[in-house]
Amino acid sequence: MLFIVDSREHGEALRGELEARGIPAWRVELWGHHVVVTPPRVRVEGLRVPVRAAIELRTEYQLVSREWKREPTPVRIGGREVREGRLFIVAGPCAVESEEQIVKTARFVRDAGADALRGGAFKPRTSPYTFQGLGEAGLRALARAREETGLPVVTELMDPEDMPLVLKYADALQIGARSMQNFSLLKKLGRAGKPVLLKRGFGNTVEEWLLAAEYVALHGNGDVVLVERGIRTFDKTLRFTLDVGAIAYAKRHTHLPVLGDPSHPAGDRRYVIPLALAIIAAGADGLLVEVHPDPDKALSDAGQQLTFEQFRELVQKAREIARVLRGG
Ligand code: PEP
Ligand code: MN
């Protein structure tokens with residue numbers, strides 16, 4: 001159940017009253033509302049604390065559901081906003097490889113129309129023998145690229161222990177597919193004070209993805225952007241299967257913004273543009289896309305990173321599709 005109350009004091013009093021009855025309850029201030037949350041389908045009667053609304057939802061995820069909050073939630077990253085009705089484009093290399101590489105990419109993607117810069121400093125690699133990322137040196141290079149271009153910086157946080165370090169440099173934290181169900185990490189993100197880009201795990205259902213977002217919100221951080229990045233299916237033609245249906249579904253069932261990553265499902269730069277256009281046509285609020293100054297020489301995900309020229313073409317086509325479908 002969600003209880004909307006008028007103030008922090010009423011929220012505290014209600015939480016106390018519920019807990020005294022043995023009902024677990026959380027108090028959060030999110031999206032301009034004072035909310036007290038209990039597990040779903042809890043029946044409570046005769047409350048003493050005044051509540052503005054008591055909302056029973058059909059879904060297990062509650063705070064992030066669009067069933068109670070009809071208006072879409074905008075999320076600020078740096079000085080810019082991810083929001084419905086506008087395309088937000090996050091672009092940059094899979095991994096930060098040097099200051100020169102990231103600054104060069106940042107300048108190019110900014111001029112081509114990107115809203116934010118991506119680049120991993122801590123890379124989740126399948127093989128322990130491959131490039132693991134530059135760590136703090138990579139974060140410093142990202143900060144340098146932000147100084148040079150004004151673009152806000154999105155970078156992956158893998159280890160909960162690195163959260164203070166990554167927060168020192170990042171404008172938003174990317175949570176990778178492999179970390180989507182690291183529940184201790186998700187709880188900690190509740191106190192991050194910065195937006196979270198939450199990728200869908202490639203073996204996870206849409207409901208599990210939305211429940212991961214619920215974890216972050218329930219622990220105090222409502223600035224969550226969902227990112228569909230492809231799932232594992234029987235078909236091995238492309239690297240992953242982009243689930244466009246999940247984008248349409250998530251847009252209908254949650255008020256949080258939804259982006260799509262066309263790079264990881266494609267695995268091959270020749271397919272990135274068509275997948276990106278499908279992502280936008282399915283209703284996503286933007287893209288997270290890999291771009292590299294010399295993709296064939298990239299230290300990770302070399303096959304799928306776009307060249308600068310391809311990125312320019314992608315932005316033009318993406319904006320055209322968005323204009324045709326929703327006038328913006
Ligand atoms: C990435 O964005 O480079 C990445 C590792 O993505 P994912 O977590 O979706 O595999
Ligand atoms: Mn990558």
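## Two packed helices

The crossing of α2 and α3 is right-handed, meaning that the near helix is turned clockwise from the far one. This is a predicted model: local features need pLDDT of at least 70, side-chain atom pairs count only at pLDDT 80 or more, and totals for chains, interfaces and linings use all residues. Residues are numbered from 1 along each chain as its sequence is written.

Helix α2 covers residues 99-112 and helix α3 residues 136-149; they pack at about 35°, with axes 9 Å apart. Axes are lines fitted to C-alpha atoms over the stretch in contact, and angles run from 0 to 180 degrees between N-to-C directions. Helices are DSSP runs (H or I, at least four residues), and strands are too (E, at least two). Contact means heavy atoms within 4.5 Å. Among the residues making it are Ile102, Val103 and Ala106 of α2, and Ala141, Leu142 and Ala145 of α3.

## The manganese site

Four protein donors hold the manganese ion (ligand 2): Cys94 (SG), His264 (NE2), Glu290 (OE) and Asp301 (OD), at 2.1 to 2.4 Å. Donors are N, O and S atoms within 2.8 Å of the metal (3.2 Å for Na, K and Ca); water is not among the atoms, so sites may look incomplete. Their spacing along the chain is C-x169-H-x25-E-x10-D.

Cys94 lies in the loop between β7 and α2, Asp301 in the loop between β14 and α10, 207 residues apart. Cys94 is buried at 2% relative accessibility. Asp301 is buried too, at 18%. Buried means under 20% relative accessible area, exposed over 50%, partly exposed in between (1.4 Å probe, protein chains only).

Methods: Chains are lettered from A and ligands numbered from 1 in the order in which they are written. Side-chain values use heavy atoms; hydrogens and water are left out.
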